[in-house]
Amino acid sequence: MYGMVFVPFIGVDNHWKSVMFAYALLNHENETNFTWVCEMFLKVFCRPPKCIITDQYLAMKVAIQKTFPHSIHRYCVWHIMQKFPAKTGPVFCAESGFMEKLNKFVWSSHLTVAEFEEGWSCVEQVWIEQPCMVE
């Protein structure tokens, strides 16, 4: 509504509950503004976050590398999955069952490493147009 970018810093407390530690409203998504936000976070909390999860915005990535060089930076899986159809082709994703098979294994939190590897193998078979034996 106001054309502002909302930048939340959300963490997990000792009870495994999400907590908003800080936030900022920016007028532009650029490296300068993201760097400023990270520096202010560091100034207030006196230590960098251990892990940071963001979308794949390059300006944010650069600002995080500058300000929090020892923090672990990962990309949000939701954003990655939203881009899959555009990157692989929407027709392929819709008609091959690729996205359904991929979602089954990406979003499951109860898979063993072996089950994930087996599921990923199934997804790869769809990708290279071979019959998939695992359902």
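Axes here are lines fitted to C-alpha atoms, for helices over the stretch in contact, and angles run from 0 to 180 degrees between N-to-C directions. The views show a predicted model, in which local features need pLDDT of at least 70 and side-chain atom pairs count only at pLDDT 80 or more, while totals for chains, interfaces and linings use all residues. Residues are numbered from 1 along each chain as its sequence is written, and side-chain values use heavy atoms, with hydrogens and water left out.

**View A. Helices α3 and α5.** The axes of α3 and helix α5 (residues 98-106) cross at roughly 170° and come within 11 Å, helices being DSSP runs of H or I with at least four residues, numbered from the N terminus. The two are therefore roughly antiparallel, a term for angles over 145 degrees. Contact, meaning heavy atoms within 4.5 Å, joins V77, M81, F84 and P85 of α3 to F98, M99, L102, N103 and V106 of α5.

**View B. Helix α3 and the residue after it.** Helix α3 (residues 77-88) has twelve residues and reaches 16 Å from its first C-alpha to its last, close to the 16 Å expected at 1.5 Å a residue, where the expected span is 1.5 Å times one less than the number of residues. Just after α3, G89 takes a positive phi of about 105°.

**View C. Helices α1 and α2.** Helix α1 (residues 31-45) and helix α2 (residues 58-67) have axes that cross at roughly 40° and come within 8 Å. On the α1 side the contact includes F34, C38 and L42, and on the α2 side it includes A59, V62 and A63.

Methods
Parallel < 35°, antiparallel > 145°, perpendicular 65-115°, else oblique.
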